[in-house]
Amino acid sequence: AIRAQESQMRRLASDLRALGDSLRGAALGQDRAISLACQHAITTTVSPALVRQLTEATGASVRVRSGNRDECLLMLLSGEVDLVVSYDLAGVDAAPTPAFRDHTLGQETLRPVCAPGVAKALTGDRLPVITYPRDVFLGQVMEAHVWPRLPSGMYLHRKAETALTLAAYHYALDGIGVAWLPGSLVEGDLATGALVSPFAEDLNITLETRLLCLHEGARASALEAWDILVQTGA
């Protein structure tokens with residue numbers, strides 16, 4: 001009889017542990033939770049510092065969701081998350097949106113990198129690249145602001161495509177092609193020589209890291225988190 005009910009007993013035991021944790025957290029004032037939605041690249045590069053700032057300042061649990069830029073904004077509008085951290089082009093004033101309050105946390109450089117062997121094999125007319133889909137933010141940046149600036153006569157050999165910046169990073173390390181990646185993600189690899197920059201800085205793109213929150217209807221904990229991140233920066 002016990003063996004027949006084992007799975008249900010395990011579920012009950014798990015629920016009891018979760019209930020105990022919740023009650024202990026509430027007793028200690030730790031029952032609050034703050035949720036962030038971050039673009040995939042930001043989840044890897046910027047979000048650890050943001051989570052540390054929030055947990056140290058509030059003692060609250062921080063939940064991080066990852067997605068494309070549009071997905072993150074939809075999560076904010078639907079109330080699934082409290083805050084969004086996303087990229088935007090530097091120097092481009094976003095159109096005022098009554099739904100959001102917007103603050104620039106800092107800047108990031110999107111730069112071309114590749115394995116040393118790929119850089120040595122580059123020719124004047126063929127560029128093996130790791131690209132982002134055209135329907136995501138970084139893909140739109142590449143199409144509008146990078147490809148038109150390539151040297152005349154050079155054509156793209158699209159070796160791989162991914163919406164995940166961390167995947168593009170590993171593809172570049174594996175020697176698949178040239179990828180445009182956040183500088184904070186690759187600075188260690190550039191220092192050790194695991195990755196190199198095959199082009200001059202004129203093919204770099206400067207991005208801004210922006211914090212977004214709802215103008216109306218935001219929870220008190222979301223507004224508290226907003227104030228903390230605005231004051232401390234990214």
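How many nonpolar, polar and charged residues are in the lining of the second largest pocket? The lining of this pocket has five nonpolar, three polar and three charged residues. Here Ala, Val, Leu, Ile, Met, Phe, Trp, Tyr, Cys and Pro count as nonpolar, Asp, Glu, Lys and Arg as charged, and the others, Gly among them, as polar.

## Basis of the model

This is a predicted model, in which local features need pLDDT of at least 70, side-chain atom pairs count only at pLDDT 80 or more, and totals for chains, interfaces and linings use all residues. Residues are numbered from 1 along each chain as its sequence is written, and side-chain values use heavy atoms, with hydrogens and water left out.

## The second largest pocket

A pocket is an open set of points on a 1 Å grid over the protein atoms alone, with protein on both sides within 12 Å along at least five of seven lines; a cavity is a set where a 1.4 Å probe fits but cannot get out, and lining residues have an atom within 4 Å of a point. Grid points are joined across faces, edges and corners, and a volume is the space filled by probe spheres set on the points.

The second largest pocket holds about 160 Å³ of space. Among its lining residues are Asp 70, Leu 89, Asp 135, Gln 140 and His 145. Helices α4 (69–77) and α6 each supply at least two lining residues, and α6 gives the largest share, five residues. Helices (H or I, at least four residues) and strands (E, at least two) are DSSP runs, numbered from the N terminus.

## The cavity

The count comes to one cavity of 30 Å³ or more. The largest cavity has a volume of about 90 Å³. Its lining includes Gln 39, His 40, Gly 67, Phe 137 and Thr 165. At least two lining residues come from each of α2 (40–45) and α6 (137–146). By class, five are nonpolar, five polar and one charged.

## Helices α3 and α9

Helix α3 (residues 47–58) packs against helix α9 (residues 220–232) at an angle of about 120 degrees, and their axes are 10 Å apart. Therefore α3 is oblique to α9. Axes are lines fitted to C-alpha atoms, for helices over the stretch in contact, and angles run from 0 to 180 degrees between N-to-C directions. Angles under 35 degrees count as roughly parallel, over 145 as roughly antiparallel, 65 to 115 as roughly perpendicular and the rest as oblique.

In this contact (heavy atoms within 4.5 Å), the α3 residues include Leu 50 and Gln 53, and those of α9 include Glu 224 and Ile 228. The contact residues divide into six nonpolar, three polar and one charged.

## Helices α7 and α8

Helix α7 (residues 165–173) and helix α8 (residues 183–192) pack at about 20 degrees, with axes 11 Å apart. Therefore α7 is roughly parallel to α8.
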